[in-house]
Amino acid sequence: MITLILIAFSLALDCFAVSMAGGALDPKPRLANVLKVALFFGLFQAIMPLIGWFIGISFARFIDNYAHWISFVLLAAIGIKMIYESLKSDDDCPKRNILNLPTLILLSIATSIDSLVVGITLGLLNTPLILSITVIGIFAFTLSVAGYYLGCRLSALFKTRIEILGGIILIAIGLNTLAEHWDWHSKLANIFTNILGL
(Lines give C-alpha, C1' and ligand atoms only; values in the text may rest on other atoms or scores of the structure.)
Protein backbone atom coordinates (compact mmCIF):
# COMPACT_ATOMS: atom_id res chain seq x y z
CA MET A 1 0.00 0.00 0.00
CA ILE A 2 2.89 2.35 0.78
CA THR A 3 4.36 1.61 -2.65
CA LEU A 4 1.02 2.38 -4.28
CA ILE A 5 0.74 5.71 -2.46
CA LEU A 6 4.26 6.71 -3.50
CA ILE A 7 3.49 5.78 -7.11
CA ALA A 8 0.23 7.75 -7.05
CA PHE A 9 1.95 10.79 -5.57
CA SER A 10 4.75 10.68 -8.14
CA LEU A 11 2.31 10.37 -11.04
CA ALA A 12 0.24 13.28 -9.71
CA LEU A 13 3.18 15.72 -9.61
CA ASP A 14 2.90 16.45 -13.34
CA CYS A 15 -0.82 17.13 -12.85
CA PHE A 16 0.05 19.54 -10.05
CA ALA A 17 2.54 21.48 -12.20
CA VAL A 18 0.31 21.63 -15.28
CA SER A 19 -2.69 22.66 -13.17
CA MET A 20 -0.56 25.44 -11.73
CA ALA A 21 0.13 26.67 -15.26
CA GLY A 22 -3.61 26.62 -15.98
CA GLY A 23 -4.46 28.40 -12.77
CA ALA A 24 -1.94 31.12 -13.64
CA LEU A 25 -4.26 32.14 -16.48
CA ASP A 26 -7.26 32.36 -14.18
CA PRO A 27 -6.58 34.98 -11.46
CA LYS A 28 -10.15 34.78 -10.17
CA PRO A 29 -10.91 31.07 -10.45
CA ARG A 30 -14.41 29.72 -10.53
CA LEU A 31 -14.96 26.43 -8.77
CA ALA A 32 -16.23 25.00 -12.07
CA ASN A 33 -12.86 25.64 -13.74
CA VAL A 34 -10.93 24.09 -10.87
CA LEU A 35 -13.11 20.99 -10.84
CA LYS A 36 -12.96 20.72 -14.63
CA VAL A 37 -9.17 20.51 -14.62
CA ALA A 38 -9.03 18.24 -11.58
CA LEU A 39 -11.67 15.85 -12.94
CA PHE A 40 -9.98 15.56 -16.34
CA PHE A 41 -6.56 14.90 -14.84
CA GLY A 42 -7.93 12.59 -12.17
CA LEU A 43 -10.00 10.55 -14.64
CA PHE A 44 -7.18 10.21 -17.17
CA GLN A 45 -4.72 9.24 -14.44
CA ALA A 46 -7.15 6.56 -13.28
CA ILE A 47 -8.15 5.29 -16.73
CA MET A 48 -4.64 5.04 -18.20
CA PRO A 49 -3.41 2.40 -15.70
CA LEU A 50 -6.55 0.40 -16.44
CA ILE A 51 -5.74 0.51 -20.15
CA GLY A 52 -2.15 -0.45 -19.39
CA TRP A 53 -3.35 -3.38 -17.30
CA PHE A 54 -5.33 -4.78 -20.24
CA ILE A 55 -2.63 -4.06 -22.83
CA GLY A 56 -0.32 -6.39 -20.98
CA ILE A 57 3.39 -6.91 -20.64
CA SER A 58 3.90 -7.76 -24.33
CA PHE A 59 3.47 -4.10 -25.29
CA ALA A 60 5.41 -2.66 -22.35
CA ARG A 61 8.67 -2.22 -24.26
CA PHE A 62 6.98 -0.47 -27.19
CA ILE A 63 5.06 1.94 -24.95
CA ASP A 64 8.08 2.67 -22.77
CA ASN A 65 10.16 3.54 -25.84
CA TYR A 66 7.80 6.22 -27.10
CA ALA A 67 5.83 7.49 -24.08
CA HIS A 68 8.43 10.11 -23.14
CA TRP A 69 8.47 11.54 -26.68
CA ILE A 70 4.68 11.79 -26.84
CA SER A 71 4.57 13.62 -23.50
CA PHE A 72 7.40 15.94 -24.51
CA VAL A 73 5.87 16.88 -27.89
CA LEU A 74 2.40 17.59 -26.44
CA LEU A 75 3.63 19.59 -23.46
CA ALA A 76 6.28 21.51 -25.39
CA ALA A 77 3.87 22.39 -28.20
CA ILE A 78 1.26 23.77 -25.81
CA GLY A 79 3.93 25.56 -23.76
CA ILE A 80 5.47 27.21 -26.82
CA LYS A 81 2.01 28.25 -28.01
CA MET A 82 1.30 29.85 -24.63
CA ILE A 83 4.58 31.79 -24.67
CA TYR A 84 4.09 32.89 -28.28
CA GLU A 85 0.56 34.12 -27.64
CA SER A 86 1.58 35.89 -24.43
CA LEU A 87 4.14 37.95 -26.37
CA LYS A 88 1.52 39.16 -28.84
CA SER A 89 -0.70 42.10 -28.12
CA ASP A 90 -4.26 41.46 -27.00
CA ASP A 91 -5.44 42.86 -30.34
CA ASP A 92 -3.42 40.30 -32.27
CA CYS A 93 -4.74 37.20 -30.56
CA PRO A 94 -7.75 36.14 -28.52
CA LYS A 95 -7.59 35.68 -24.77
CA ARG A 96 -5.37 32.72 -23.94
CA ASN A 97 -7.04 29.76 -22.31
CA ILE A 98 -5.59 26.29 -21.83
CA LEU A 99 -8.87 25.13 -20.31
CA ASN A 100 -10.72 24.68 -23.59
CA LEU A 101 -11.68 21.07 -24.23
CA PRO A 102 -9.12 20.09 -26.94
CA THR A 103 -6.19 21.57 -25.02
CA LEU A 104 -7.32 20.05 -21.75
CA ILE A 105 -7.62 16.61 -23.35
CA LEU A 106 -4.10 16.89 -24.80
CA LEU A 107 -2.72 17.94 -21.42
CA SER A 108 -4.56 15.11 -19.71
CA ILE A 109 -3.05 12.61 -22.13
CA ALA A 110 0.43 14.11 -21.82
CA THR A 111 0.39 13.96 -18.02
CA SER A 112 -1.06 10.45 -17.83
CA ILE A 113 1.08 8.49 -20.28
CA ASP A 114 3.36 7.44 -17.43
CA SER A 115 0.27 6.02 -15.74
CA LEU A 116 -0.32 3.86 -18.79
CA VAL A 117 3.11 2.30 -18.37
CA VAL A 118 2.60 1.94 -14.61
CA GLY A 119 -0.67 0.13 -15.24
CA ILE A 120 1.23 -2.62 -17.03
CA THR A 121 3.15 -3.40 -13.85
CA LEU A 122 0.33 -2.90 -11.34
CA GLY A 123 -0.17 -6.64 -11.32
CA LEU A 124 3.13 -6.93 -9.45
CA LEU A 125 1.64 -5.06 -6.47
CA ASN A 126 -0.40 -6.91 -3.89
CA THR A 127 -3.31 -4.51 -4.22
CA PRO A 128 -6.56 -4.88 -6.19
CA LEU A 129 -6.72 -3.11 -9.54
CA ILE A 130 -9.78 -1.01 -8.59
CA LEU A 131 -8.09 0.18 -5.40
CA SER A 132 -4.93 1.07 -7.33
CA ILE A 133 -6.62 3.20 -9.98
CA THR A 134 -8.84 4.84 -7.34
CA VAL A 135 -5.85 5.92 -5.25
CA ILE A 136 -4.02 7.18 -8.36
CA GLY A 137 -7.09 9.14 -9.49
CA ILE A 138 -7.67 10.68 -6.04
CA PHE A 139 -4.07 11.85 -5.76
CA ALA A 140 -4.19 13.37 -9.24
CA PHE A 141 -7.48 15.12 -8.50
CA THR A 142 -6.30 16.51 -5.16
CA LEU A 143 -2.94 17.78 -6.38
CA SER A 144 -4.59 19.27 -9.46
CA VAL A 145 -6.89 21.33 -7.27
CA ALA A 146 -3.94 22.46 -5.14
CA GLY A 147 -1.87 23.31 -8.22
CA TYR A 148 -4.65 25.30 -9.83
CA TYR A 149 -5.19 27.47 -6.78
CA LEU A 150 -1.43 27.96 -6.38
CA GLY A 151 -1.24 29.10 -10.00
CA CYS A 152 -4.00 31.62 -9.31
CA ARG A 153 -2.03 33.02 -6.38
CA LEU A 154 1.07 33.32 -8.55
CA SER A 155 -0.99 35.18 -11.12
CA ALA A 156 -2.09 37.65 -8.47
CA LEU A 157 1.53 38.19 -7.44
CA PHE A 158 3.09 38.61 -10.86
CA LYS A 159 0.08 40.29 -12.51
CA THR A 160 1.35 40.37 -16.12
CA ARG A 161 2.95 37.89 -18.50
CA ILE A 162 2.13 35.02 -16.16
CA GLU A 163 1.35 33.02 -19.32
CA ILE A 164 5.09 32.94 -20.04
CA LEU A 165 5.69 31.23 -16.69
CA GLY A 166 2.94 28.72 -17.46
CA GLY A 167 4.47 27.95 -20.86
CA ILE A 168 7.92 27.52 -19.34
CA ILE A 169 6.50 25.13 -16.74
CA LEU A 170 4.93 22.95 -19.44
CA ILE A 171 8.14 22.87 -21.51
CA ALA A 172 10.18 22.10 -18.39
CA ILE A 173 7.93 19.14 -17.55
CA GLY A 174 8.36 17.83 -21.10
CA LEU A 175 12.14 18.20 -20.93
CA ASN A 176 12.20 16.50 -17.55
CA THR A 177 10.31 13.57 -19.06
CA LEU A 178 13.10 13.15 -21.61
CA ALA A 179 15.75 13.64 -18.94
CA GLU A 180 14.27 10.89 -16.79
CA HIS A 181 14.12 8.50 -19.74
CA TRP A 182 17.72 9.12 -20.72
CA ASP A 183 18.84 9.35 -17.07
CA TRP A 184 20.49 12.72 -17.68
CA HIS A 185 20.56 13.42 -13.95
CA SER A 186 22.99 10.57 -13.30
CA LYS A 187 25.03 11.36 -16.40
CA LEU A 188 25.40 15.04 -15.44
CA ALA A 189 26.31 14.06 -11.89
CA ASN A 190 29.02 11.74 -13.22
CA ILE A 191 30.39 14.48 -15.48
CA PHE A 192 30.62 17.00 -12.63
CA THR A 193 32.14 14.36 -10.40
CA ASN A 194 34.83 13.64 -12.97
CA ILE A 195 35.52 17.35 -13.53
CA LEU A 196 35.90 18.00 -9.82
CA GLY A 197 37.99 14.88 -9.44
CA LEU A 198 35.78 13.54 -6.71
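Tutor: Gladly! The chain has seven helices and zero strands, and this is a predicted model. Read along the sequence, the pattern is α-α-α-α-α-α-α. Buried residues account for 42% of the 198 residues in the chain.

Student: How many of the contacts join residues that are at least 24 apart in sequence?

Tutor: Counting contacts between residues at least 6 apart in sequence, 90% join residues at least 24 apart. Let us look at one pair of helices next.

Student: Why are helix 1 and helix 2 called roughly antiparallel?

Tutor: Start with the angle. Helix 1 covers residues 2–23 and helix 2 covers residues 31–55, and their axes cross at roughly 155°. Angles over 145 degrees count as roughly antiparallel, and therefore helix 1 and helix 2 are roughly antiparallel to each other. The axes come within 11 Å, and the crossing of helix 1 past helix 2 is right-handed.

Student: Which residues meet where helix 1 and helix 2 come together?

Tutor: From helix 1 there are Leu11, Cys15, Val18 and Ser19, and they meet Val37, Phe41 and Gln45 of helix 2. By class, this contact has five nonpolar, two polar and no charged residues.

Student: What makes cysteine 15 buried?

Tutor: Buried means a relative accessible area under 20%. Cysteine 15 has 0%, so cysteine 15 is buried. This residue lies in helix 1. Leaving out residues up to four places away in sequence, cysteine 15 touches Phe41, Gln45, Thr111, Ala140 and Ser144.

Student: How far is the C-alpha atom of cysteine 15 from that of phenylalanine 139?

Tutor: They are separated by 9.4 Å, although the two residues are 124 residues apart along the chain.

Student: How do you know whether alanine 12 is buried or exposed?

Tutor: Again, compare the value with the cut-off of 20%. Alanine 12 has 1% relative accessibility, so alanine 12 counts as buried. Alanine 12 is in helix 1. Apart from its neighbours within four places in sequence, alanine 12 is in contact with Phe139, Ala140 and Leu143. Its C-alpha atom is separated by 8.7 Å from that of phenylalanine 41, a residue 29 residues apart along the chain.

Student: And methionine 20, with a relative accessible area of 15%: what is it called, and why?

Tutor: The value of 15% falls under the 20% cut-off, so methionine 20 is buried. Methionine 20 also lies in helix 1. Not counting residues up to four places away in sequence, methionine 20 touches Gly147, Tyr148, Leu150, Gly151, Leu154 and Ile169. Methionine 20 and alanine 146 are 126 residues apart in sequence, and 8.0 Å apart in space from C-alpha to C-alpha.

Student: What makes asparagine 33 buried?

Tutor: Its relative accessible area is 16%, under the 20% cut-off, so asparagine 33 is buried. Asparagine 33 is found in helix 2. Setting aside residues up to four places away in sequence, asparagine 33 touches Asp26, Leu99 and Tyr148.

Student: Why is aspartate 114 called partly exposed?

Tutor: Aspartate 114 has a relative accessible area of 31%, so aspartate 114 is partly exposed. Aspartate 114 is found in helix 4, residues 101–121. Without residues up to four places away in sequence, aspartate 114 touches Leu11 and Asp14.

Student: How many aromatic pairs does the structure hold?

Tutor: The structure holds one aromatic pair. Phenylalanine 40 and phenylalanine 44 form this pair, at 6.4 Å centre to centre and 15° between the planes.

Conventions: Residues numbered from 1 in each chain as written. Predicted model: local features only at pLDDT ≥ 70, side-chain atom pairs only at ≥ 80, totals over all residues. Heavy atoms only, no water. Axes fitted to C-alpha atoms, helices over the stretch in contact; angles between N-to-C directions. Helix = DSSP H or I, 4+ residues; strand = E, 2+ residues; numbered from the N terminus. Parallel < 35°, antiparallel > 145°, perpendicular 65-115°, else oblique. Left-handed = near helix turned anticlockwise from the far one by under 90°. Contact = heavy atoms within 4.5 Å. Nonpolar A, V, L, I, M, F, W, Y, C, P; charged D, E, K, R; others polar. Buried < 20%, exposed > 50% of the residue type's maximum accessible area, 1.4 Å probe, protein only. Phe/Tyr/Trp six-rings, centres within 6.5 Å; stacked < 30°, edge-to-face > 60°.
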